[in-house]
Amino acid sequence: MDRHADPLVSHRRRSATPPGELERAVSTMTGAALLVRGAARRDLTGWLALAAGGTLVVRSLTGRRVVPRALLEAGPVEAVLVRAVTVGARPESVLELSRQPERWLPGDLVQAVAADGGRWRVEYALGPLRGSWETTLSEQSGAGWLASPVRPDSPLAGIEVSVEEAPDARGCELRVRVTLRAGGATGYSLQALRGVAERALGHALQRFRQVLETGEVARSHPQPHGRRGVLAALVAGGKEAS
Amino acid sequence: MGKGDVRIEEVPEPRILNPRDAIVRVTSTAICGSDLHLLGGFVPTLQRGDVLGHEFMGEVVELGSAVANLEVGDRVIVPFPIACGGCWYCRQDLHSLCDNSNPNAWMAEELFGHSPAGIFGYSHLLGGYAGGQAERVRVPFADVGPLKIGPELSDDQVLLLSDVIPTGWMAAEQADVGRGQVVAIWGCGPVGQFALRASQLLGASSVIAIDRIDARLRMAQRLGAEVLNYEEVKVQDALRDLTGGRGPDVCIDAVGLEAHGTGPLALYDRVATSVRFETDRGAALREALLACRKGGTVSIAGVYGGYLDKVPLGAAFNKALRLRMGQTHVHRYLRPLLERVERGELDAREIITHHLPLDEAPHAYEIFRDKEDECMKVVLHP
């Protein structure tokens with residue numbers, strides 16, 4: 001994206017509106033938590049946590065806004081996520097499974113809502129972004145398919161899937177392109193959490209490959225473990241046996 | 001447990017989570033040098049409460065619905081890498097690079113670019129699987145990894161096929177050790193001792209073993225190696241003398257990221273790792289690269305986990321060295337090395353110095369870490 005045309009960048013420069021009390025309180029608490037975490041570690045992540053925590057605390061105490069209001073009022077921004085995975089299977093099998101995301105994405109994330117598998121409801125939770133959308137197959141061929149949202153204002157603007165044979169009898173390459181488009185706070189979150197979304201897409205494709213190549217999704221939770229630290233217990237969120 | 005802190009705790013029983021799982025009742029489990037890397041905080045993403053242990057064997061007590069090659073009651077050894085058997089890497093016998101066994105592959109991708117296989121009890125970066133220093137352990141892809149063992153061999157004879165024996169073997173094999181070659185091995189711990197035996201079995205004309213612990217050097221000497229104590233001699237000079245000025249044909253680093261070393265660079269490593277400017281200490285590897293003959297091979301069997309400073313890549317480049325390394329593809333070595341164990345060519349009983357109950361694991365870690373009582377290898381029994 002052209003940096004000068006990026007509404008996030010231009011708004012960041014001219015923002016001067018002081019944050020509200022709630023935002024300052026949240027910044028202070030988050031910053032303090034990061035400072036504690038950073039102080040407890042001697043490694044690079046600890047130092048990064050210290051830097052981030054310090055920034056948040058200073059900004060909240062000095063009254064400088066962490067999330068400028070203008071950003072929250074920005075127009076639509078678009079994020080395109082592209083990931084590929086090589087799968088040891090025939091293209092037909094890859095395409096067939098790709099049209100059944102409920103088999104390889106977590107069951108609580110995706111449900112098929114049409115008997116022919118051409119329409120899905122996706123429940124998503126990406127940081128502060130939570131909601132659901134429905135998408136339906138709009139085009140398909142022997143080499144891929146394209147899905148579009150049922151509601152045109154959905155932040156999931158499109159999913160494009162293509163499959164081609166990989167060299168050296170390695171199966172085929174599945175390439176997924178996800179277009180996200182939104183304005184305001186949602187758009188800001190999309191940009192801020194783009195890395196998380198890309199990682200999530202990569203993780204989804206790994207699960208896809210696992211289902212095709214092994215018949216199951218690799219899991220290491222829940223499983224036995226001893227007493228966790230407070231932070232690890234919070235991160236696990238009760239997913240593990242204790 | 002946390003950094004430097006090993007404890008025994010009561011935890012829930014493992015459960016079958018996938019159709020290709022098995023539950024194994026552990027009869028013997030060993031402490032590995034790389035468990036010390038985890039304990040020392042050298043491998044990121046280990047969490048307090050994680051169950052350690054990737055060298056174990058036992059009896060199958062429960063099977064998932066898709067495991068047809070094992071039966072409840074089978075006695076098995078379990079390879080430390082977890083491999084699906086179906087991905088491209090597994091089909092190439094590169095099982096420690098399995099594409100599908102690490103549920104936390106995204107973490108490994110952040111650090112390594114791509115994810116290797118999951119490993120039992122070896123941090124969340126490599127799967128977050130509970131390890132085998134326990135009474136029971138869940139074994140994923142049990143139709144691929146575990147190897148059935150008959151009653152005629154004792155646990156002590158076969159347990160180390162789960163890691164140390166294949167790791168020593170691969171160190172020599174991947175360097176193409178052959179007839180007439182001179183092999184130098186840094187580190188005379190269990191992996192170094194088996195690399196020594198492997199080099200001899202593959203035809204090396206002589207093996208030179210380097211360490212600073214007398215008991216370990218004596219063991220290498222008993223097995224037929226020339227030995228060098230790096231605190232008493234200049235290793236580079238000694239190796240030149242022992243090889244007619246050429247340098248060893250093959251140099252095996254069986255030490256890895258916690259190398260001690262001597263001199264200013266060793267001090268640099270201590271400081272740099274303590275403030276996390278580097279994660280690994282590379283004294284053994286640096287020396288191996290400098291000592292190796294022109295056009296020779298440096299084979300790395302010791303574990304490295306992150307970033308290493310002051311590596312003389314110029315030496316490697318200008319001497320046209322060949323570098324080989326990697327976590328061991330245990331699955332491909334299990335059957336042929338079991339045959340060598342059966343023939344008596346490889347005997348882990350020489351290496352195992354201590355047996356302790358699992359309840360005494362904290363003490364076992366201490367004597368293994370501090371090399372007390374000439375400790376070479378500790379086997380724990382639940």
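**Notes on a predicted two-chain model**

1. In chain A, 42% of the 242 residues count as buried, where buried means under 20% relative accessible area, exposed over 50% and partly exposed in between, with a 1.4 Å probe and protein chains only. The secondary structure of this chain comes to eight helices and seven strands; helices (H or I, at least four residues) and strands (E, at least two) are DSSP runs numbered from the N terminus. Of the chain A contacts with a separation of 6 or more, 53% join residues 24 or more positions apart, a contact being heavy atoms within 4.5 Å.

2. A word on conventions: this is a predicted model, in which local features need pLDDT of at least 70 and side-chain atom pairs count only at pLDDT 80 or more, while totals for chains, interfaces and linings use all residues. Residues are numbered from 1 along each chain as its sequence is written, chains are lettered from A and ligands numbered from 1 in the order in which they are written, and side-chain values use heavy atoms, with hydrogens and water left out.

3. Now to the cores. The largest nonpolar core has 76 residues, and V158(B), L160(B), L161(B), I165(B) and I252(B) touch the most other members. Such a core is a set of buried Ala, Val, Leu, Ile, Met, Phe, Trp, Tyr and Cys residues joined through side-chain atoms within 4.5 Å. Leaving aside residues up to four places away in sequence, L160(B) touches several residues, including A30(B), F194(B), I351(B) and K377(B). A second, separate core has 35 residues, among them L97(A), L105(A), A204(A) and L205(A).

4. A198(B) is buried, with a relative accessible area of 0%. Not counting residues up to four places away in sequence, its contacts are G168(B), W169(B) and A172(B). M170(B) is 28 residues from A198(B) in sequence, and their C-alpha atoms are 8.4 Å apart.

5. On the cysteines, a search of the whole structure finds zero disulfides over all chains, a disulfide being a pair of cysteine sulfur atoms within 2.5 Å. For C84(B), the closest cysteine sulfur is in C98(B), at 3.7 Å, which is too far for a bond. C90(B) is in no disulfide either, with the nearest cysteine sulfur, that of C87(B), 3.7 Å away. C84(B) is buried at a relative accessible area of 2%, and C90(B) is buried at 4%.
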